[in-house]
Each structure stands twice: as C-alpha cells, then as structure tokens.
Amino acid sequence: MLYGLYLSAQGADVQSLRQDVLANNIANSSTTGFKRDQAIIQGHPSVDFQKSFEAADPTQRARQTGGVSLAQITTDFRTASMLNSGRQYDVALKGSGFLQVRDGDQEFLTRNGRMKLNDGTLVMEDTGLPILSDAGANIEIPINVTRMEINKTGQMSGYDSAGNLVFNNQLAVVNTDTSKLEKVGLSLFRPHAELDRDFGTEVRQGAVEASGCNPIKEMTSMIEAGRSFEANITMIRMQDESLGRLLQSVGG
C-alpha cells in the first residue's frame, strides 16, 4: 500500500510540473518569437516486472522503481505563423534560422525579429539587445536613412530622402543544432554547438513570427493535466484512509 502511495505521489508531482510548463506557454501565447516547451513524461516498469529480469545496468535498474517521472523539458522549434507588422525594421524568418544578438560578452540566438533603433543601433524591441551583422558587429544605421529595404537573404539597404543608397549591411542569419540550445528568458537561446551561416532561411521584411503556442491546445492539455493531478490526489487520499482503517483494526 505504501508503494501505491509512492506511485500516486509520483504521478501528482509530474502532472504539477507539466501544469507549470503549460501555464508558461499559455502566458506567452502572444509573445513574438516564443517557442513552446513540452514536458516529456516517461513511465517505468513496476518493481515486480523488474525483478523478473536481470538489468544490464544496475544503476539504471535502481532508478526505475515503477511509476512515472519527468524525462526532460524540450522546446518545439517549428516555425510559427507570420504576422504583418508594416514596420520597416521588423523581420520574420521563414525556415530554421536564427538572428544573432549580443548581451555584453555573451551572444544569443533569437527568432524574435521585432526590432527598433536605439540611438542609431538596431536592437530587439523588448530586450534592447543589439542585433548583429554577419561580421559579428552591432548594426549602426546612419541618421539620414529614411527608408530601409531588407531582402530575402537579410541584405539591408538604406536610402536617404533623395533616394540615394547611404547604408549597406547584412543581418546575421545562422543555424545550429537545436538540441544544443539553452532557453534563456522568453525568446533567447544560448548556443552550445557550432553556428553556421544559414542560406536556406528566407527573411521577410515588415513581418514578425507569432508565438509558437496555440492557446486552445494548451488549455486542453492543461485541463487534462489538472484532471490527472486530481485523480492521483484522490488515490493518495483513498490509500491513506485504507491504511488508517487497517492500522485501527490491527491495533483494536
């Protein structure tokens, strides 16, 4: 019976963690460039089943005591829908590439292409972090640029009021192994693998990538996780009451 209590507690704990992940997704359903997280739950064989077979790895066998546990939290990097913003410095990425930004001596990747000028420096609108060029430098826009054109490869061309080309630069659009990305904040990722120039991702000016979270699906999953949590709590209560009656009958 104590083993049953343990399994039900495991189930409740996992569903509680899953609800936290889902709640964060829902809270960011309108955050530009946000990528939803997924709680991966793994089941373990029961103790009786394990004792019937010799495990090749004793340490692995010791960990698998039945029930369920949280295997990992992964990020869904699938491209979300594009939203027209009409702003000349905004870009959306169609493909698997990322923009590069800098925070002090650290560099991050992002899919959030909502950008603005800060004293002539091109920065992310929400964090204020500078957007990097393919040369790894901040992108400084001259004050006389009145019209900016960004083509599909990320090439930036700035024109003055007379239509003269006065600025030219290239956005850094890179790719990497997404399994080696560490999520930082809402739309930044710290790379832990080599970066490569991405020639297959299309840059779309005047648009941004929507959040990768579908609030209806996330709410449905939240309800499911809530019911599973309640079911495990109910099982804990029933087993606790049964154990109490057993102890009373033995003691009486």
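Is Phe 189 buried or exposed? Phe 189 has 0% relative accessibility, so Phe 189 counts as buried. Buried means under 20% relative accessible area, exposed means over 50%, and partly exposed is in between, with a 1.4 Å probe and protein chains only.

A word on the model. This is a predicted model, where local features need pLDDT of at least 70, side-chain atom pairs count only at pLDDT 80 or more, and totals for chains, interfaces and linings use all residues. Residues are numbered from 1 along each chain as its sequence is written, and side-chain values use heavy atoms, with hydrogens and water left out.

Now the rings. Rings of Phe, Tyr and Trp (its six-membered ring) pair if their centres lie within 6.5 Å; planes under 30 degrees apart are stacked, over 60 edge-to-face, the rest tilted. That rule gives three aromatic pairs. Take Phe 77 and Phe 189: the centres are 5.1 Å apart and the planes are at 55°, so this pair is tilted. Phe 77 sits in the loop between β2 (67–75) and β3 (82–84), and Phe 189 in strand β14 (residues 188–191), so the pair ties together parts 112 residues apart in sequence. Strands are DSSP runs of E, at least two residues, numbered from the N terminus. At 22% relative accessibility, Phe 77 is partly exposed.

Next, Phe 98 and Phe 189. Their ring centres are 6.1 Å apart and their planes at 70°, so the pair is edge-to-face. Phe 98 is in strand β5 (residues 98–103), 91 residues from Phe 189. Phe 98 is buried too. Ring pairs join Phe 77, Phe 98 and Phe 189 into a cluster.

Technical notes. Helices (H or I, at least four residues) and strands (E, at least two) are DSSP runs, numbered from the N terminus.
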